[in-house]
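Hello,

Here is the structure we discussed handing over. My notes follow below it.

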Amino acid sequence: MRMTIKRTTILSFTLLGLTMWGIVPVAQTEEIAVGNTFGLGARAMGMGGAFVSTADDFTTLYWNPAGLAQIRKFELFSSFSHNEMDTETQFSQARETTDAGRSKTRPNSIGLVYPLYTTRGGMAIAVGYNRPQNFDSRIVVKGLDPSDDPVFGGFDVDESNSYKGGIGIWSLGTGVYVSENIILGGALDYWYGKSLNELDSNAADVNGIDMEIAGMEFHDTVDREYAGLGARVGALAHLSEQVTLGLTAVFPMNLEIYEFWSQGTIVSFDDGERESDYTEGDIEYNIERPFEFTTGIAVKLLEKRLTLSADVQFSDWTQAVYNPPPAEDISSGYFEELYDSTFQVRAGAEYHLSEIDTRFRAGFVHDPIPYRGKDIESNRNFLALGVGKIFDQTVKIDVAYMLGSWQQSDGELSEKRTDHRIFVSAAYRY
């Protein structure tokens with residue numbers, strides 16, 4: 001059946017609106033590859049990630065490569081993480097919230113440390129993989145859209161927006177004592193990862209707002225692959241047997257992104273007719289990441305049974321740049337306009353109960369959201385607990401649990417996230 005001119009106009013406008021509705025948020029939503037850290041290693045995360053000045057297992061290749069020199073035995077290390085994120089969403093005029101979640105178990109770290117013989121001090125090299133960024137999440141929105149949006153306003157919306165994937169770092173690094181109390185280190189990094197974003201929206205005209213359209217469907221998929229070369233350096237200074245200072249700098253780098261996208265729209269009319277449209281394409285672009293600096297302190301008390309540590313990480317995300325921008329409507333000053341610099345604060349404690357040769361840990365993380373395109377009602381804050389034990393002086397098992405939450409809103413939509421993270425690490429030393 002041939003559509004009338006009126007219907008053709010309506011369909012063209014609707015498809016354009018849905019397409020714009022699907023593309024424009026890319027320029028107005030958080031870039032998942034920026035300012036989105038997950039954590040590494042059960043011991044480090046049991047102390048809230050305050051590990052820059054403690055730095056004495058394989059994950060120090062990421063936290064502070066200078067700490068490798070403190071490892072005096074060969075170490076084979078592996079770690080897994082389990083992430084369960086629960087999300088509550090609510091339209092401002094809706095009475096009920098919509099719950100959703102995503103649960104994933106993934107490798108977190110794997111690698112080895114090989115100490116080298118030296119007549120004085122110490123030196124070690126390490127090679128392996130760490131996965132500091134995790135993208136697994138899912139949001140579901142249901143209810144009447146109370147906004148004046150030209151496409152979905154007043155329609156009954158059922159929408160699912162999910163992410164999965166992450167970015168890991170393959171590294172080769174070394175740490176060496178340059179004096180009795182000073183250690184320097186560095187690492188070369190190869191960043192690689194993938195992400196998949198799937199958006200499925202259904203909107204039904206349950207209240208008869210539109211005279212011809214009964215409902216609309218929109219399906220959007222963005223499949224990304226990330227790659228880049230980087231480097232980091234670190235230093236440790238033992239001011240005394242009780243106090244250690246740490247410093248790490250991550251150098252700027254180009255994170256290359258290959259993106260394949262597809263969009264499909266279906267419009268259903270009151271007379272039973274359905275019209276659809278489908279487009280797809282690909283694009284390559286870079287994110288130029290800025291310097292990141294972290295400084296920390298560790299203090300040992302009670303005959304070294306108690307360790308208190310704290311880190312502050314500074315990242316100026318306003319200096320990040322898309323090169324070239326991934327879409328025409330994204331300005332060259334996107335990060336400068338929509339992002340802030342952040343100070344991530346991490347604090348932790350570890351107590352060695354010598355009677356049972358077990359270490360108990362607790363920590364706290366304040367992880368500000370750098371993106372300013374949404375109203376941040378509460379920032380990301382995490383509490384952490386952990387425990388670790390060494391068996392036969394060769395096998396070390398650590399477990400950590402983190403609980404965090406944050407809340408933000410975007411126009412009529414509010415979103416609250418609760419994150420449960422579990423880390424399990426095992427190391428063999430001889």
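Is R361 buried or exposed? R361 is buried, at a relative accessible area of 4% (buried means under 20%, exposed over 50%, partly exposed in between, with a 1.4 Å probe and protein chains only).

First, the ground rules. This is a predicted model, where local features need pLDDT of at least 70, side-chain atom pairs count only at pLDDT 80 or more, and totals for chains, interfaces and linings use all residues. Residues are numbered from 1 along each chain as its sequence is written, and side-chain values use heavy atoms, leaving out hydrogens and water.

Overall, the chain has 4 helices and 18 strands (DSSP runs numbered from the N terminus: H or I of at least four residues for helices, E of at least two for strands). Of its 430 residues, 49% count as buried.

Now the charges. The whole structure holds 21 salt bridges (a side-chain nitrogen of Lys or Arg within 4 Å of a carboxyl oxygen of Asp or Glu). One of them joins R361 and D398, at 2.9 Å from N to O. R361 is in strand 15 (residues 358-367) and D398 in strand 17, so the pair ties together parts 37 residues apart in sequence. D398 is buried too, at 3%.

E415 bridges to K374, with the closest N and O atoms 3.9 Å apart. E415 sits in strand 18, and K374 in the loop between strand 15 and strand 16 (375-391). E415 is buried at 6%; K374 is partly exposed at 22%. R417 also pairs with E415, at 2.4 Å. R417 is buried, at 14%.

Best regards
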